[in-house]
Structure formats: structure tokens, C-alpha cells
Amino acid sequence: MFCIDDTGRFTFATDEFAALLGRTPAELVGTPVEAVVAAEDREPLTTARQAVNSAPDRLTETCQVRLPQSDLSGPVTIELTTATDGSVVGTICRTAGASDPFQYLFDLIQDAVVGFEIVNFVPIVRTVNPAFVDTFGYDREEIVGEPLNDYIVPGDRVEEAVNYDQRTAAGEVNYAVVSRETADGCREFIYRGVPYDTTDGRRCGFAMYTDVTDSRRQKRRLRVLHRVLRHNLRNELSVVLGTAEYVRAHAANSSVSLAASRALDAADRLAAVSEKARSVETALDGESGQSVDAAALAQSVADSYRPETPVETALPETLPVTGGTAVYDALDNLVENAVSHTPEGTAVRITAERTGGDAFVRVRDDGPGIPAVERAVVFEDADITNLQHGSGLGIWLARWVAEAAGGGIEYERADGWTTVSLRLPLSDADDVLTLADTAESEVTPTRK
């Protein structure tokens with residue numbers, strides 16, 4: 001609440017009202033009330049104030065204004081009433097957020113959002129939310145009414161921004177990763193621009209900016225690190241393998257020959273981990289939204305192990321799912337895990353069924369089960385520890401493939417059987433990718 005005299009200057013303000021403006025009551029006293037509202041709202045406030053001042057009897061007037069110095073991005077309703085001593089008492093009786101859930105969302109959403117109007121193909125700022133103020137460092141009163149691009153678009157991205165503005169002016173939605181100037185320097189954002197038309201024919205819109213700088217930088221660093229390490233690992237392992245083989249072949253001492261054999265075994269295991277990492281990267285680079293026939297892929301996995309290692313199947317004629325050809329890699333790694341880490345003669349089966357809107361493709365074996373340390377990490381989200389010789393990497397691949405498709409992975413141990421199930425969304429797409437559509441080298445490994 002506040003009081004103003006007949007000249008429109010504050011004579012009193014409550015602590016709550018002053019705090020809303022980032023001021024103290026003492027600082028507000030003597031300040032014209034029109035000075036704390038947006039410039040475009042001063043005239044209706046003055047009209048309401050003068051009407052209350054000049055009324056012979058008690059009168060109440062209301063008007064909607066914006067308070068640029070506050071954290072409120074939208075308008076508030078101010079109620080002015082004649083006091084018994086002739087002064088005017090004012091209260092904020094309602095904010096737009098109290099009755100407008102969209103305004104409430106606008107104020108509280110953590111992404112930076114700006115509302116703008118297209119004027120001569122230029123976005124002019126009309127409102128910003130608190131997150132925009134925090135992210136870009138401009139107070140609301142500083143940027144409202146100004147061209148948005150002049151404040152946040154880097155000099156080398158002006159042409160790009162103008163292209164987006166032209167699309168907005170034409171009524172088209174924008175979605176892109178962009179670089180923008182912020183209070184913390186240039187940052188990367190997922191930018192979404194949504195245009196709309198007002199009832200009086202103006203083209204307006206909202207631009208939302210989601211900061212992805214840290215995640216994108218981390219992803220690039222990991223990609224470079226991964227490829228450099230893998231390249232160096234492959235090259236150095238070639239040297240180790242060649243040298244150890246030479247030592248073993250020419251060692252006169254049996255203990256030296258044994259040491260060389262151990263070195264070769266360790267290098268072979270390390271090379272296998274490196275190759276597994278390469279296959280994981282290749283599989284995850286595929287299109288996870290592509291429809292594939294999981295039944296055909298599962299049968300192909302089983303066939304690739306025969307006749308040396310029989311893999312039983314109980315599959316439907318077709319089972320279209322979402323997941324892309326990486327589904328093959330996921331199933332292949334699960335079967336490989338079952339075959340490689342169980343005693344010889346262990347039964348391995350692949351089954352599949354539809355349940356609701358999902359398909360479940362299950363790899364079962366009657367071996368000892370997946371070690372608890374690896375099971376806890378992959379299936380129970382325990383802290384990641386060392387994976388013995390990378391044997392858990394194939395199970396991770398299966399999980400990532402399923403999750404990328406919108407599904408998941410499950411583990412069950414019952415009646416002496418271990419079951420790992422891939423849950424994949426069923427697909428009703430017409431363009432289901434078949435084995436004949438896929439390069440032989442992409443889906444059918446050579447078993448040794």
C-alpha cells in the first residue's frame with residue numbers, strides 16, 4: 001500500500017510495496033508515482049489519479065500498469081481510492097499472474113523468454129521474464145522498447161538473426177542452436193521462436209533461450225578426448241602386440257616367453273575394449289527414431305552364432321519397433337555377453353512379445369548371471385566403478401539404445417535363468433527398415 005498527495009508524489013509506502021520496487025519507503029517519499037511505472041502506462045495512471053483527486057465524494061479508480069523496477073514482467077492492477085484527509089491511497093490489488101496461469105509460467109520459467117513485436121522486420125522487445133534479466137544482464141526498463149538484436153546478437157551472427165526475424169515475420173516457427181551475448185560472455189542456446197498475431201493485426205512472438213553451453217562444450221571435449229585416446233591406444237597397442245610376439249617367439253628362457261604371453265593376453269583384452277568402444281560409438285550414431293523389424297534383427301543375431309554356438313529363438317513373424325539398426329547391436333551385445341561369460345554348453349534363447357504399446361525382446365541364459373558389481377551400475381543406477389575388462393560395455397550399449405528409442409532395459413534372475421529384456425516402443429510406421437535395406441557389414445558381424 002502507498003499514499004500520494006494531490007501532486008501525485010508519494011507521502012507514504014509500506015515496506016512490502018517499496019521492496020517490490022527495490023527501494024525503501026524513505027526513498028520513495030517525494031517521488032512522483034508516475035516515475036515508478038512504465039512510460040507507456042503513465043498517462044492512464046495520471047488520468048485515474050486526477051479523477052480520484054477531483055472527485056467531490058469518495059471514489060475508487062483502477063488502472064493496469066507495468067512496474068519496470070520490479071521482478072514482475074507483466075502488468076499489475078493498481079487501485080486508487082480517496083482518503084478522508086483528501087489524499088489518495090493506492091494498493092496493488094491483483095497481479096496478472098494471480099489469474100493468468102500463462103503469465104505465472106512466464107514469470108517463473110527458468111529459461112530466458114522475451115516477448116517482442118515485429119516492426120519493419122525487426123523484433124522490438126515488449127516484455128522479458130526474470131530469467132532473461134538474470135541471463136542477459138539487462139534490466140527490464142533498459143531493454144523494453146528496444147531492438148532485441150542490438151543487445152544480444154554477436155556481430156558475426158547478425159545475418160543469421162535477420163534470417164530468423166524474416167521467418168518470424170512470415171509466421172514461421174524457429175528452432176536452432178545459436179550463440180548470443182550474455183552477462184557472462186557469449187553462450188550457446190537452444191532458441192525457439194514462436195510468432196503470433198494480435199487482435200489488432202500486429203505480428204508478435206516469443207523467443208525462448210535454453211542455455212546448453214556447458215553440455216555442448218563437455219560433449220565436444222569428450223568426443224575429442226575419446227577419439228584421440230582411441231587413436232593413440234590403437235597405435236601403441238600395435239607396437240606392444242608386435243614386440244611381445246617377437247619376444248615370445250625368440251625367447252630362449254621359458255619365464256621370458258611366459259611373461260611375453262601374458263603381455264600379449266593383456267594387450268589383446270585391451271584391444272578388444274577399444275574395438276568395443278568403437279562399435280558403441282558407431283551404433284549410437286544411428287537414427288534412433290527409425291522403425292525396424294526387431295524379430296528379423298533378433299533372428300539374424302541368432303543365426304550369426306550358428307553352428308558353433310546354437311542360440312534358440314521364439315519370435316513373432318514381424319515386430320516393428322522404434323530404435324534404428326542399433327537395435328541389432330544391442331541384441332548382439334546381450335547375446336555375446338550371455339555366450340562369452342557363461343560356461344560352455346549354456347543354453348541361450350531370444351524371445352519377443354508385444355505388451356501394450358511396447359515390444360519386449362528378451363535374451364535368456366541358464367548361466368550364473370551378471371556379476372553384482374556390473375548389474376548394480378547398469379540396472380540399478382549405482383555409482384560407476386571399474387568394469388572388469390569392459391565386459392559391461394555391451395550391456396551399457398543395450399541400455400543406451402533402448403533409452404534413445406524411448407524404452408528401457410530390465411534384469412531378472414529367477415529359477416536359475418538370467419533374463420535381460422529390451423523394452424522398445426512399437427512402431428506403426430510404413431517405412432520399416434529390413435535387413436535387405438541395410439549394408440551387410442552394418443548388421444552381420446563375422447564370428448571367429
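**Burial, packing and charge pairs in a predicted model**

Q: In which loop is Thr31 found?
A: This is a predicted model, in which local features need pLDDT of at least 70 and side-chain atom pairs count only at pLDDT 80 or more, whereas totals for chains, interfaces and linings use all residues. Residues are numbered from 1 along each chain as its sequence is written, and side-chain values use heavy atoms, with hydrogens and water left out. With helices (H or I, at least four residues) and strands (E, at least two) taken as DSSP runs numbered from the N terminus, Thr31 is placed in the loop between helix 2 (25–28) and helix 3 (42–54).

Q: Is Thr31 buried or exposed?
A: Buried means under 20% relative accessible area, exposed over 50%, and partly exposed in between, for a 1.4 Å probe and protein chains only. Because its relative accessible area is 15%, Thr31 counts as buried.

Q: Leaving aside neighbours within four places in sequence, with which residues is Thr31 in contact?
A: The C-alpha atoms of Thr31 and Ile4, which are 27 residues apart along the chain, are separated by 9.3 Å. Contact is a separate criterion, namely heavy atoms within 4.5 Å. Once the neighbours within four places are set aside, the contacts of Thr31 are Gly8, Arg9, Phe10 and Arg23.

Q: How many residues of helix 12 are buried?
A: The buried residues of helix 12 include Ala294, Leu297, Val301 and Ser304. They pack against several elements, among them strand 11 (291–293), helix 13 (326–340) and strand 15 (358–365). Helix 12 (residues 294–304) is therefore largely enclosed by the rest of the structure, the buried count being 8 of the 11 residues.

Q: What percentage of the residues of the protein count as buried?
A: The protein contains 16 helices and 17 strands, and among its contacts between residues at least 6 apart in sequence, 52% join residues at least 24 apart. Its accessible surface, calculated by the Shrake-Rupley method with a 1.4 Å probe, comes to about 23900 Å², of which 51% belongs to carbon and sulfur atoms. Of the 448 residues, the proportion that counts as buried is 41%.

Q: How far apart in sequence are the parts that Arg202 and Glu117 tie together?
A: A salt bridge requires a side-chain nitrogen of Lys or Arg within 4 Å of a carboxyl oxygen of Asp or Glu, and Arg202 forms one with Glu117, the closest N and O atoms being 3.1 Å apart. Since Arg202 lies in the loop between strand 9 (185–197) and strand 10 (203–211), while Glu117 is in strand 6 (residues 112–119), the separation of the parts tied together is 85 residues.

Q: With which residue does Glu117 meet in a salt bridge of 2.9 Å?
A: Glu117 is buried, with a relative accessible area of 10%, whereas Arg126 counts as partly exposed at 36%. The side chains meet at 2.9 Å, N to O, and the partner of Glu117 in this salt bridge is Arg126.

Q: Which residues form the nonpolar patch on the surface with about 270 Å² of accessible area together?
A: Patches are made of residues with over 30% relative accessible area and no salt bridge, nonpolar side chains (Val, Leu, Ile, Met, Phe, Trp, Tyr) being joined within 5 Å and like charges within 9 Å. Val247, found in helix 10 (residues 213–250), counts as partly exposed at 33% relative accessibility. The patch, with about 270 Å² of accessible area together, is formed by Tyr246, Val247 and Val256.
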